[in-house]
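Hi there,

Here is the structure I promised to pass on. Have a look at it first, and my notes follow below.

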Amino acid sequence: MSISRVFVANRGEIALRIVRACRKLGLESVLGASEIDGEGPAARLADRVVCIGPAAPERSYLRHDTVVQAALGTGCDAIHPGYGFLAENPELAAAALDHGLRFVGPPPEVMTLAGDKLRARAAAAEAGLPVVPGRQVAAAADAHDFAEEWGYPVLLKAASGGGGRGIKLAGDAAELEALHPAAAAEARAAFGDERLYVERLIRDARHVEVQVAADDRGAMIHIGERDCSVQRRHQKLIEEAPAPFLTDSTREAVREAGVTFARAIGYRNLGTVEFLVDATLDEFFFLEMNCRIQVEHPVTEAVTGYDLVAKQLEIAGGEPLGIAQPDVAIAGHAVECRLTAEDVSAGFRPSPGTLTRFEVPDVANLRVDTHCEEGTVIPPHYDSLMAKLIGIGSERDEAVDVVREALDGLQVEGVETNRELLASVLAHDDFARGAVTTRWLEEAVAA
């Protein structure tokens, strides 16, 4: 492998996950941490820790120039961005390459294309993928004309958006008129790009994503698919693999479409092609592509046996993919719950604080990805994700039962969490019978 020391440009559980993958491959790791992230499991396990700035992310984790200089200054030859922060920032990828560093992800030009929803939609349509009806709009009147053609409600989306941000739902013309300037302002503030497009709302949509992998030699495969339909305001809470309740024909078509799109844009390394599946009509539509490792990657690892983060590093180091499509076998089922420090009763308000107790019960077939322990500080500056609880079973019901048992025995003190909400979803009859769409959680369980 042509890399030997990796700069980890992230924090929390994903930083720990990357450091562990480096250890597995015999690579050194350098953790880039903000002033308040210099301790904890990832820092203890990494070969070295360097401070990259204050707690405020815009002065540390979001400074691509600082990240590159820190990587060079510590003798690293690769940068792994994890997810969030700069993970899908083409400027970081380009700057890394310009300075002779490997970027653990796709080429910057591919990231730029995939990150622009309008260009990605056009590329998907050109590749023959079904795309949700939509168009770019410059004013509320343009969006209203589209809604008159396709019907309300419609979605306003930031052209450069991602991670569920920059999306507004308009139920009628008056709401659309009011939301348009706010959506443009939010897009400009979050992404530096105020372009918007309007899209038909698929009411009974399930969110299904395909894990793809590609090396620099032209090998391209899918590694199965996941269902991420349990969401609140476009933020995922529960994911599972394989996606349940799909017909065999739709499952195969979605997988093939994911590979087709990735190949069409010249993708490299690991990424995820996302689709909306109309649960009523058994149709699917291209949504977007995420050019990074996903939060929910453990469920795919659980049912395939592949270490996806290690595979990212191997590909970035010039190694061949080493997996042919017939090699990919899906065995069993996995369900992941995202435990977050939020006060659900107060409108999901973040609940920062210091953990005075954090104990996950010892449950068979449970995987826990977390950076939390007694004494861990949950700061107000970052995402509130504390842990991912992954239940694994030969059948879906078994995997669900594993996570339910873990949630039941979980002991957390010092912050509020969403544990009870997660447990209520897993126990709900709609979840058991697959009657869950991307809007279900807000409409049926949590406003």
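Let me start with a pair of strands: strand 2 (residues 28–34) runs parallel to strand 3, and five bridges join them. Within that pairing, Val30 has Arg48 of strand 3 as its bridge partner. (Strands are DSSP E runs of at least two residues and helices are H or I runs of at least four, numbered from the N terminus; two strands pair if DSSP finds at least two bridges between them.) Both belong to an open sheet of five strands, ordered 3-2-1-4-5 with parallel pairing. Strand 3 (48–53) and strand 5 (102–103) each have a single partner strand, so one side of each has no neighbour in the sheet.

A word on the source: this is a predicted model, in which local features need pLDDT of at least 70 and side-chain atom pairs count only at pLDDT 80 or more, while totals for chains, interfaces and linings use all residues. Residues are numbered from 1 along each chain as its sequence is written, and side-chain values use heavy atoms, leaving out hydrogens and water.

Now to the charges. The structure holds 37 salt bridges, each being a side-chain nitrogen of Lys or Arg within 4 Å of a carboxyl oxygen of Asp or Glu. Two of them may interest you:

- Arg206 pairs with Asp227, with the closest N and O atoms 2.9 Å apart. Arg206 is buried at 5% relative accessible area, and Asp227 is buried at 6%.
- Arg367 meets Glu301 at 2.8 Å, N to O. This pair links strand 20 (residues 366–370) to helix 10 (residues 297–304), 66 residues apart. Arg367 is partly exposed at 21%, whereas Glu301 is buried at 7%.

(Buried means under 20% relative accessible area, exposed over 50% and partly exposed in between, with a 1.4 Å probe and protein chains only.)

There is also a network of salt bridges that links Glu209, Arg226, Lys236, Glu239, Glu274, Glu296 and Arg338.

Finally, which residues gather in a patch of negative charge on the surface? They are Glu395, Asp397, Glu398, Asp401, Glu405 and Asp408. (Such patches take residues with over 30% relative accessible area and no salt bridge, joining like charges within 9 Å.) Asp408 lies in helix 12 (residues 396–409) and is exposed, at 66%.

Best wishes

Note on methods: Patch = residues over 30% accessible without salt bridge, like charges linked within 9 Å, V, L, I, M, F, W, Y side chains within 5 Å. Areas by Shrake-Rupley, 256 points an atom, 1.4 Å probe, with all protein chains shown as cover. Lys, Arg positive; Asp, Glu negative; His and termini not counted. Charge placed at Lys NZ, Arg CZ, Asp CG, Glu CD.
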